[in-house]
Amino acid sequence: MLIKGFISGIREAFICRFEERLLYRLNSLTKITIFLLTVIATILLSKTYTILVYTIALVTLGFTGMETSRFKRISLSILLFVVIIMSFSIIYLVPRLSTGELDYIDLLKQVFVNGCKFYCIALSFSIYFSTTKPQSISCLLEKIGLPYKFLYPLTLSIRYLGVVMNDFENIYDVQRIRGLRVDSGGFFNRIRSFLSLFIPLIVLSIDRLNDMVLALENRGLGLYKKRTYFYREGFGFKDIVVAAVFSILVVALYLIDQAVLPIGCFINLKGLSLL
Amino acid sequence: MVSRENAIEFKNVFFNYSSGFKIEDMSFKIGYGEVVVFLGANGSGKTTVLKLIAGLLKPVKGRVFVAGYDTLETPLSILARFIGYIPQSPWYMFSQETVYKEITFTSRNLGLPEDFYKRQALYIASWLGLVDKMDRTPFSLSEGEARRLAIASAVTHNPKIILLDEPTSALDYIGRKKFLEILNDLIDRGYTVVIATHDIDFTVKLGSPRVIVLNNGRIVFDGRTSDLYREQAILEDNNLIPPQITRLMNIIYSLSNDESIYCELSIENLIEYIVFNKKFLREKIGC
């Protein structure tokens, strides 16, 4: 069940199904801005409460901007990685307890901050890919100056991730009904079981890629350097509001984090020392 | 109380995907040795029903029994003993270095005795014409050979039920003909065969099996193929275009009102019918 949920989560993160929701209607530039702002926020913010506020803001955007079930699936698949990141943080930080550099509260804070940071980056990345049409991604990158000959295969590979996950799910189902058990047995048995899932996946993928390359060559990809687009996405009022809210939020949280704004002190004074 | 009289039993089954597609209150029974074809357009729920039978999907409400085992409570490793599943693309199955290892894959996973599956593999490979390919890699096989290998690996562990998902897709005329022969052979050997397809022509060539027509996750028809052809509204609603021979039968039926025309759906029988009723049909047409 865990593997099935994980496959479904990854697929959800990369397949764009257009819905009449806020995030789907935003310009891809706005969403990439949110992603970049998130990366900046995770670099700049170090206090528990500031990163927590940013995480809540991002979750609110995801929760209101896309279907609840889809958001839940994406979040759950990210949480699996968050747990891994937090575990590595614990392994890395535990030796510092003995040297006295950290106490248990600091350790918990640090692990929590690392988990939140990873969750935010992965979530904003998933939001971007799952709510943006692949052609909008390539259109945006072309504006930056990247050649279309490389961008088209890039958008194809993004679309292809969903297909690969579909194939993987089918292979997993077929092999399970053939008695394959990937969740039991010793380490080497499990590796062998996973090979039975990955070998057909790799063979199918190579086969598909071969067809894809033939089709692209056949249709003359890259013959002309300049391209025109049938339609271009506009930058509307919603885009300005969302981008502005997140920009202001990052700046404000940074100022609070650096104790330029006194809200952080206020929180500490209130006795919320764990934050 | 677990009923072992039926190979498969759906008891008021409810299932839903997150995409919104639902199976609602589905009930049917399939006896041992029975051949059942699930017909329907794309997205009607055929593959979902097969996956529910295989235990790959679990009902949200209701019960699915396979060989008397409740799929909700029985692990897949037990259900796998009773089921041979052949997916739409046989390439989803192949993961072993040789055809022999591929054929014996399920038996090895289920921990069956080596001498049993070795004997079975040789017997089935010779039946399906794969003996001379036992040392080859499965990925070097043609589409038709791959289908036969998929069948071989699905039946080597001697299951009771064979599930086939869209078995005729990507097969040419010769491939279909050979596949049909194998399938009829499987039916003769007493396997319970469940097929999900939208290929109504293929259903006719299987004789007149039981057909269950699905539309949007609901059963809209459950009966013999020959009876289905008289249900024009169901055929039209589900985008099922009957083969030309059946359309001709329908025209003759509209003229003669003689139900015996539907007894056997074959060209030979139709010719025989026309020859015997030549005079009567001429009168009806008015020439």
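1. Helix 9 (187-218) of chain A and helix 4 (105-109) of chain B each supply at least two residues of the lining of the second largest pocket. The greatest contribution comes from helix 9 of chain A, with six residues. The model discussed here and in the points below is a predicted one.

2. The volume of this second largest pocket is about 470 Å³. A total of 21 residues line the pocket, and those closest to its centre are L180(A), R192(A), S193(A), F105(B) and N109(B). Sorted by class, the lining of the second largest pocket comprises five nonpolar, 10 polar and six charged residues.

3. The largest cavity holds about 40 Å³ of space, and the second largest cavity holds about 30 Å³.

4. The lining of the largest cavity consists of L23(A), K31(A), I34(A), L61(A), S124(A), I127(A) and Y128(A). Helix 6 of chain A has the largest share, three residues. By class, five residues of the lining of the largest cavity are nonpolar, one is polar and one is charged.

5. The second largest cavity is lined by residues of both chains: I177(A) and R178(A), together with I83(B), G84(B), Y85(B), T106(B), S153(B), A154(B) and H157(B). Strand 6 (83-86) and helix 6 (143-155) of chain B are the elements that give two or more residues to the lining of this second largest cavity. The largest share, three residues, is that of strand 6 of chain B. By class, the lining of the second largest cavity has four nonpolar, four polar and one charged residues.

6. Over all chains, the structure holds 13 aromatic pairs. One of them is formed by F35(A) and F125(A), with 5.8 Å from centre to centre and 55 degrees between the planes, an arrangement classed as tilted. F35(A) lies in helix 3 of chain A and F125(A) in helix 6 of chain A, so this pair ties together parts that are 90 residues apart in sequence.

7. F125(A), at 33% relative accessibility, counts as partly exposed. F35(A) and F125(A) also belong to one aromatic cluster with Y128(A) and F129(A).

8. In chain B, why is the pair of Y17(B) and F21(B) tilted? The ring centres of Y17(B) and F21(B) are 6.2 Å apart and their planes are at 35 degrees, so the pair is tilted; planes under 30 degrees apart would count as stacked and planes over 60 as edge-to-face. Y17(B) is partly exposed, with a relative accessible area of 30%. F21(B) counts as buried at 17% relative accessibility.

9. Two charged side chains lie over aromatic faces in chain B. K61(B) is placed over the face of F14(B), at 4.7 Å from the ring centre. R189(B) is placed over the face of W127(B), at 3.9 Å from the ring centre.

10. T30(A) is located in helix 3 of chain A. With a relative accessible area of 0%, T30(A) is buried. Apart from neighbours within four places in sequence, T30(A) is in contact with F235(A), D239(A), V242(A) and A243(A).

11. T71(B) is found in the loop between strand 5 (69-70) and helix 2 (76-79) of chain B. T71(B) counts as buried, at 0% relative accessibility. Which residues does T71(B) touch, not counting residues up to four places away in sequence? T71(B) touches L52(B), I53(B), G55(B), K58(B), P59(B), V64(B), V66(B) and L79(B).

Terms used
Residues numbered from 1 in each chain as written. Chains lettered and ligands numbered in written order. Predicted model: local features only at pLDDT ≥ 70, side-chain atom pairs only at ≥ 80, totals over all residues. Heavy atoms only, no water. 1 Å grid on protein atoms, 1.4 Å probe; cavity = no way out; pocket = protein on both sides within 12 Å on 5 of 7 lines; lining within 4 Å. Points joined across faces, edges and corners; volume = space filled by probe spheres on them. Helix = DSSP H or I, 4+ residues; strand = E, 2+ residues; numbered from the N terminus. Nonpolar A, V, L, I, M, F, W, Y, C, P; charged D, E, K, R; others polar. Phe/Tyr/Trp six-rings, centres within 6.5 Å; stacked < 30°, edge-to-face > 60°. Buried < 20%, exposed > 50% of the residue type's maximum accessible area, 1.4 Å probe, protein only. Lys NZ or Arg CZ within 6 Å of the ring centre and 35° of its normal. Contact = heavy atoms within 4.5 Å.
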